[in-house]
Amino acid sequence: MGAPLVMEILTERAHFMRESLNKNRTITDGMVSILGSFDHRLSALETAMRPTQVRTHAIRKAHENIDKTLKAAEVILAQFDISRQVEAKIIKGPREDLESYLAAVDQLRNNVEFFSSNKSFKSSDGVLTNANNLLAKAMLKLEEEFKQLLSTYSKVVEPERLFECLPNSLRPSSGSPSNQGDPNGRKISPMSHHEQIAKGTEGSTYTVPTFIPPRIIPQLHDLVRRMVEAGHEQQCLKIYRDTRASVLEQSLRKLGVEKLTKDDVQKMQWEVLEGKIGNWIHFMRIAVKLLFAGERKVCDQIFEDLDPLGNQCFAEVTMSSVIMLLSFGEAIAKSKRSPEKLFVLLDMYETMRELLPEIEVIFGGKASAEMREAALSLTKRLAQTAQDTFGDFEEAVEKDATKTSILDGTVHPLTSYVINYVKFLFDYQSTLKQLFQENGNGGSSNSQLAVATKRIMSALQTNLDGKSKQYKDPALTHLFIMNNIHYMVRSVRRSEAKDLLGDEWVQIHRRIVQQHANHYRRNAWGKILQCLTVQGLSSSGSGGLSTDGGTSSSVSRALLKESKMNTLMFIL
């Protein structure tokens, strides 16, 4: 009974599920049919809307193009109006408000560039002509402003201000009665030229002065930049050169710098010329380390990023001042050589060698090449003249023909002069060695200086040998040579010359002194012995009295006294 009932129930349920599935399939088919009809309708709608979308896109693009055209038109219309807007400011000038004036110039220049590139616009030629005329007026105003501003703040640098920038060791004293060069009553330096040079190179600090106030520099730079951009480089160069060159020259003249020729130098007394050379050494250092360095600084700031115009301006500003300074050095180097000039020539050479590295930096660039070469040429000429003068001194010593008569056989003035000269030369050892190194024949500078010094000593000895022959008495001849060479040896032993000439030179000349001392003793005492012998024979033959009434005794005593005095002279 139970099993058939269960089967019946399951059969009913299966029948129900089959009917439900059939209904779902029918519903699904109906939905698919409905969705298919929707897709067809949407496609038809999209097809119908496409022309509208195209028209809408075209309208949007047209609006965008209209906006762009309007904006472009506004720019163009604004360009047409710029000349009118800035004309009043341009005509008024930059004196009251330089910044806004420069902005107006920039607008006007852009306006000219715009219409130069777009000449197809109607009336553009007229607008361009008007803008160019207005820009030309603006440039004239800028040139006037640049000149006025530069002139107002370009002041001659007073000597006192320059002296304050020097190291303490090189600052001049005031009110010295021994001043030789400065018209304002200042003594350039209480030191010798050589001491000045030594002090000037011992880690001294120079403070480069400020020639134009820092707040004015940017204004000058902006003016220069606008002028260069407008093609007015030459006008800018002329204004800058005329203004700054004049100030620089006046600053040097106030300091005491003079432009002297070779003829001027030749006519001067040595004392006057020596003072001017000392001042020149001081002026060169001030000019290079302070005036030229300061001028370079100003020029670099005003013409920043505007090379090569900046270098050209600096070269033209400094040219005449450099020539004025170097011409004096050239005049000295070309003047007639004399022994006393050697030391100032060496001072000048040392100064130029010291300054050359700074000159190379300050006068860098192609535009300043001529001045760099002039400075180097002067240095070489001074070196050559000094070396020639050194050689002349050796020849002058050997050929000295002074007739100064030394009756007692003591040290001749020539010997004192030469020995003092040689001693003084040793203050310039490093400079002389540099000269020999630059112009030598391959040997060491030390050995070349030693050889040159030995030649001078040999020339002196040769001259003294000639002068010794003026004595009729052989004893005085030997005494003269002995005293002079002894003086030479003693002076060398007490100075730095000993290290250069060496012990061998000293020993050789000491032996020469000893040889002449022996000759002197034989000649001097031989006469006395001869007189004593003659006197002895006379006394034995005449009862102790001389035939001339005592004259022989008097002669003997005189010779003895002279020999003792001469011997004492040598010993002292």
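How many salt bridges does the structure hold?

Modeller: The model is a predicted one, in which local features need pLDDT of at least 70 and side-chain atom pairs count only at pLDDT 80 or more, while totals for chains, interfaces and linings use all residues. Residues are numbered from 1 along each chain as its sequence is written, and side-chain values use heavy atoms, with hydrogens and water left out.

The structure holds 23 salt bridges, a salt bridge being a side-chain nitrogen of Lys or Arg within 4 Å of a carboxyl oxygen of Asp or Glu.

One of them pairs Glu145 with Arg95, and their closest N and O atoms are 2.9 Å apart. Glu145 belongs to helix 3 (residues 124–153) and Arg95 to the loop between helix 1 (2–92) and helix 2 (98–117), so this pair ties together parts that are 50 residues apart in sequence. Helices here are DSSP runs (H or I, at least four residues), numbered from the N terminus. Buried means under 20% relative accessible area, exposed means over 50%, and partly exposed lies in between (1.4 Å probe, protein chains only).

Another salt bridge joins Glu229 to Arg225, again with the closest N and O atoms 2.9 Å apart. Both residues lie in helix 6 (residues 217–229); they are four residues apart, and therefore separated by about one helical turn. Glu229 is partly exposed, with 37% relative accessibility, and Arg225 is also partly exposed, with a relative accessible area of 30%.

A further salt bridge is formed by the side chains of Asp242 and Arg241, at 3.3 Å from N to O. Asp242 has a relative accessible area of 37% and is partly exposed; Arg241 is partly exposed as well, at 25%.

Some salt bridges share partners, and in this way Asp106, Arg109, Arg225, Arg226 and Glu229 are joined into one network. The pair described above in helix 6, Glu229 and Arg225, therefore belongs to that network.

Key: Helix = DSSP H or I, 4+ residues; strand = E, 2+ residues; numbered from the N terminus.
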